[in-house]
Amino acid sequence: MSNGSISLPRLDVPMRILGSIFVIAAYFVVLHVNVYLGVTMNLIGDTMSLPYFIRTKSYDVVGMLGFLMVIGLSKLASTL
C-alpha cells in the first residue's frame, strides 16, 4: 500500500466459491430430493458466481452460465 489507499477484500471470490458449492449440492438435490429445490439452488449458485466471471472478463463462462440459467428457469417454470 504505497499510495496510502485501503485495500478492501473482494467479495466476489467467496461468492464464487459458495456458488460452486451450491451448484454441486444442487445436482445431488435434483437427482435425489426435489427437482424444484435443486433447480432453485442451481440458479442461486450460478447467480452468485456471475460477478466474479464478469470482473475477470471471462465472458465465455458468463455466456455459458446465462445459457444454463435460461434452461434452469424453463425447468423451474415447467415444475410449477
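What follows is a short walk through a predicted model.

**Stop 1: two helices side by side.** Select residues 35-55, which make up helix 2, and then residues 59-79, which make up helix 3. Their axes come within 9 Å and cross at roughly 160°. Angles over 145 degrees count as roughly antiparallel, so that is how helix 2 and helix 3 run relative to each other. The crossing itself is left-handed.

**Stop 2: where they touch.** Now show side chains. On the helix 2 side, pick out residues including Val-35, Val-39, Leu-43, Asp-46, Leu-50 and Ile-54. On the helix 3 side, the residues they meet include Tyr-59, Val-62, Leu-65, Met-69, Leu-73, Lys-75 and Leu-76. What kinds of residues make up this contact? By class, there are 15 nonpolar, 5 polar and 2 charged residues where helix 2 meets helix 3.

Stop 3: Is Phe-53 buried or exposed? It counts as buried, because its relative accessibility is 17% and the cut-off is under 20%.

**Stop 4: over to helix 1.** Select residues 12-32 for helix 1 and find Ala-25 in it. Ala-25 is partly exposed, at 29% relative accessible area. Finally, click the C-alpha atoms of Ala-25 and Met-41: these residues are 16 apart along the chain, and the two atoms are separated by 7.8 Å.

Conventions: Residues are numbered from 1 along each chain as its sequence is written. This is a predicted model: local features need pLDDT of at least 70, side-chain atom pairs count only at pLDDT 80 or more; totals for chains, interfaces and linings use all residues. Side-chain values use heavy atoms; hydrogens and water are left out. Axes are lines fitted to C-alpha atoms, for helices over the stretch in contact, and angles run from 0 to 180 degrees between N-to-C directions. Helices (H or I, at least four residues) and strands (E, at least two) are DSSP runs, numbered from the N terminus. Angles under 35 degrees count as roughly parallel, over 145 as roughly antiparallel, 65 to 115 as roughly perpendicular and the rest as oblique. A crossing is left-handed if the near helix is turned anticlockwise from the far one by less than a right angle, and right-handed if clockwise. Contact means heavy atoms within 4.5 Å. Ala, Val, Leu, Ile, Met, Phe, Trp, Tyr, Cys and Pro count as nonpolar, Asp, Glu, Lys and Arg as charged, and the others, Gly among them, as polar. Buried means under 20% relative accessible area, exposed over 50%, partly exposed in between (1.4 Å probe, protein chains only).
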